[in-house]
Amino acid sequence: MKAAVIESVGRAVVAEVPDPTPGPREVVVEVAACGLCGTDLHILQGEFAPELPIVPGHEFAGEVVAVGTQVTEVAPGDQVAVDPSLYCYECRYCRNGHNNLCERWAAIGVTAAGGAAQYALAPVANCVKLPEHVRTADAALVEPLSCAVRGYDILQNRLGAHVLIYGSGTMGLMMLELAKRTGAASVDVVDLNPGRLETARQLGVSGAAVGADELDRPQGWDVVIDATGNAAAIQDGLDRVAKAGTFLQFGVADYATRVSIDPYRIYNQEITITGSMAVLHSYERAAELFASGVLDPDVFISDRLPLEQYPQALNQFASGIGRKIVVTP
């Protein structure tokens, strides 16, 4: 079968690889679409994946075409979205319910062959059936949505909060849609990309600007979310949190990123700084939200490119052109 392969740092190709064969509790999924994510760029840059080469792609959905001997939950022909998370269920964090912090954390598309291919292998436990009305090629959005749902679990958001989001790429826009549905009094978005800001306006924001100084909230925001991973955005966002407010680090920064904090202000104003890592008990809820229409795929997915153009798709994503880019085998 054809698959995208990150062969070495900085090099991605499309090549022939062996077809997957399911184990007793595994299924083979014919991939309908696979989304690109910042994690894929980190893998390309030599981070995250423990070893290369790897078939990337942790955001995917498709049709079950083969099942293992002990699989009864799904059957060939079922349409599924796949949670890429692979946990050991044995370490301290798994036993405490923090599986996303697993000491042996692994993921389809990061440590095991992923969905940027014609076919992908997945444990049946990771497959969520999709209702008939959901277009499977759109359901690659379920995985990033499940990360956003996890972020809002961390926030334990209260009604009437004023929310500021840095970044209006896919993840920032998803956080925007969830903020609107969790009772925010206002949602503002900051981004340097005018095209992405226009999409935020299309989805409905209280304010959209290239800098927080352009927005009318001198007392700060109750909730500030970074969805960029950019040091300058993070630093600015930390300074925008209102008293008793919360800063959520949601965007994935590279390992070398550093910012400064004001310990006295954190103490004196009771500011909370927290983070959200990937998916935790949120994938099924995200699939249900997606099926209910919480996101408009035609707004979120800006480009659908053939698998053969995976290296070009990575370059386009890295340049910040478009929103969610998916490849279709």
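Which residue in E14 is the bridge partner of Ile225? The legends below begin with the answer.

**View 1. Ile225 and its partner across two strands.** In strand E14, Leu248 is the bridge partner of Ile225. This is a predicted model, in which local features need pLDDT of at least 70 and side-chain atom pairs count only at pLDDT 80 or more, while totals for chains, interfaces and linings use all residues. Residues are numbered from 1 along each chain as its sequence is written, and side-chain values use heavy atoms, with hydrogens and water left out. E13 and E14 (residues 241–249) run parallel and are joined by 5 bridges. Strands (E, at least two residues) and helices (H or I, at least four) are DSSP runs, numbered from the N terminus.

**View 2. The open sheet.** Strands of a sheet pair through backbone hydrogen bonds, either parallel or antiparallel. Here 6 strands follow the order E12-E11-E10-E13-E14-E15, with parallel pairing; two strands pair if DSSP finds at least two bridges between them. The edge strands, E12 (207–209) and E15 (272–275), each pair on one side only.

**View 3. The largest nonpolar core.** Among the 48 residues of this core, Leu145 and Ile225 touch the most other members. A nonpolar core is a set of buried Ala, Val, Leu, Ile, Met, Phe, Trp, Tyr and Cys residues joined through side-chain atoms within 4.5 Å. Buried means under 20% relative accessible area, exposed over 50%, and partly exposed in between (1.4 Å probe, protein chains only). Helix H3 supplies the largest share of this core, 7 residues. Leaving aside neighbours within four places in sequence, Ile225 is in contact (heavy atoms within 4.5 Å) with residues including Tyr152, Val163, Met175 and Phe250.

**View 4. Helix H4, largely enclosed.** Of the 12 residues of H4, 9 are buried, so the helix is largely enclosed by the rest of the structure. Leu173, Met174 and Glu177 are among these buried residues. Just after H4, Gly183 takes a positive phi of about 85°.

View 5. Ala244, which is not a glycine, has a positive phi of about 65°. This residue is found in strand E14 and is partly exposed, with a relative accessible area of 47%. Glu270 also has a positive phi, near 50°, and is found in the loop between helix H7 (263–268) and E15. At 60% relative accessibility, Glu270 counts as exposed.

**View 6. A cis peptide bond.** Leu52 and Pro53 are joined by a cis peptide bond, with omega of about 5°. Pro53 lies in the loop between helix H1 (38–44) and strand E4 (59–67).
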